[in-house]
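Please read this briefing alongside the sequence and the coordinates shown below.

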Amino acid sequence: MQKKHNNRLRLGIQIGFTALSNGYLAGFLGKGLFKGALKQVCLPGLNCYSCPGALGSCPIGALQAVLADRKFSFSFYVVGLLILFGALFGRLVCGFLCPFGLFQDLLFKIPSKKIQRMPLDRGLRFLKYAILAVFVIWLPLSATNIVGQGSPWFCTWICPSGTLMGGIPQMILDPNLRSAIGFLFGWKMLVLMLIALFGVFHYRPFCKYLCPLGAIYALTNRFSLYRLELHPSACTDCGRCAGACKMGVDAHKTPNHPECIRCGDCCTSCPSKALSIGFPKKH
Amino acid sequence: MKRWIPSAILLLLGIAFLGFGLHRGEQLTVMRKAIAICLECIGIG
């Protein structure tokens, strides 16, 4: 009962935040992208700034944009924001505030046989760090054109959130863009469809294996202020928390594991209330 | 108390980086990119 209530609350927050942060309705009516000052601010999740309704920027897109610019070789602004989000929330962003995380959560609700654990799961979890290093940082900095300008490699070749939130709506709204569809759009649709299909059978495959933003927040999970607390005297080692975790974390052994998205399922499944989640309370 | 030191350091580092980035005007680069449709992001290239 408690678990159902918590899941509904989390879904409500996910939908609410996605709607709020992409609430520029004029964009969906073909009036163009939002051009207000708020667009300078990065949203915490993977939210394409080319989404017709986007009111803020994507941090991964913004990071690549600054790295690819001839003026800067490091983005203090975007990295500072990411460190702030990470230090405050850790991967709570993934669990509650990311629109693509919401998309995958909804896909997993589709009735089907579910794969609990992927082969090579442990090794595949490091792939997102490689994608961060190569596609988000190294290639935009190093693969530059004749005038020294780079391009957003992750956005161009991988990001399924860009396809879902930006590509598809923009193609629907603008016939001129539709006429320019070529190989790249086909490739991006294939990537999105494969991730979506995978997401029906296995929980959040993009978050686990491919998301560079998840990789960044994972690095801060151990230190974030919003955190999981284990009360060892109450823990009976029953293992129900590990069984409840769809991200494969054993909360009673590693409560602030880099893969924990702070969904709270472990807390609601614990029969002895040995796990709690939130900001630190004054005792 | 000791457990909060890494969190505090990260928070201060984040604020410092954010401030320096704003001082350099990086947010304008983000803005310039964000107010035009990113053709690479949507699959046009």
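**Helix packing and cavities**

H8(A) and H14(A) are roughly perpendicular to each other, a class that covers angles of 65 to 115 degrees, with under 35 counted as roughly parallel, over 145 as roughly antiparallel and the rest as oblique. This is a predicted model, in which local features need pLDDT of at least 70 and side-chain atom pairs count only at pLDDT 80 or more, while totals for chains, interfaces and linings use all residues. Residues are numbered from 1 along each chain as its sequence is written, chains are lettered from A and ligands numbered from 1 in the order in which they are written, and side-chain values use heavy atoms, with hydrogens and water left out.

**Helices H8 and H14 of chain A**

- The axes of H8 (residues 127-142) and H14 (residues 212-220) of chain A come within 8 Å and cross at roughly 115°; axes are lines fitted to C-alpha atoms, for helices over the stretch in contact, and angles run from 0 to 180 degrees between N-to-C directions.
- Helices here are DSSP runs (H or I, at least four residues), numbered from the N terminus.
- On the H8(A) side, Lys128(A), Tyr129(A), Ile131(A), Leu132(A) and Val136(A) meet Pro212(A), Ala215(A), Ile216(A), Ala218(A) and Leu219(A) of H14(A), where contact means heavy atoms within 4.5 Å.
- The residues of this contact comprise 9 nonpolar, no polar and 1 charged; Ala, Val, Leu, Ile, Met, Phe, Trp, Tyr, Cys and Pro count as nonpolar, Asp, Glu, Lys and Arg as charged, and the others, Gly among them, as polar.

**Helix H3 of chain A and helix H2 of chain B**

- Between the chains, the axes of H3 (residues 59-68) of chain A and H2 (residues 26-34) of chain B come within 9 Å and cross at roughly 110°, which makes H3(A) roughly perpendicular to H2(B).
- Ala62(A), Ala65(A) and Val66(A) of H3(A) meet Glu26(B), Thr29(B), Val30(B) and Lys33(B) of H2(B), and the residues of this contact divide into 4 nonpolar, 1 polar and 2 charged.

**Cavities**

- The whole structure holds 4 cavities of 30 Å³ or more, a cavity being a set of points on a 1 Å grid over the protein atoms alone where a 1.4 Å probe fits but cannot get out, with lining residues having an atom within 4 Å of a point.
- The largest cavity has a volume of about 110 Å³, the volume being the space filled by probe spheres set on the points, which are joined across faces, edges and corners.
- Of the 15 residues lining the largest cavity, Cys245(A), Cys260(A), Cys263(A), Gly264(A) and Cys266(A) are the closest to its centre.

How values were computed:
Helix = DSSP H or I, 4+ residues; strand = E, 2+ residues; numbered from the N terminus. 1 Å grid on protein atoms, 1.4 Å probe; cavity = no way out; pocket = protein on both sides within 12 Å on 5 of 7 lines; lining within 4 Å.
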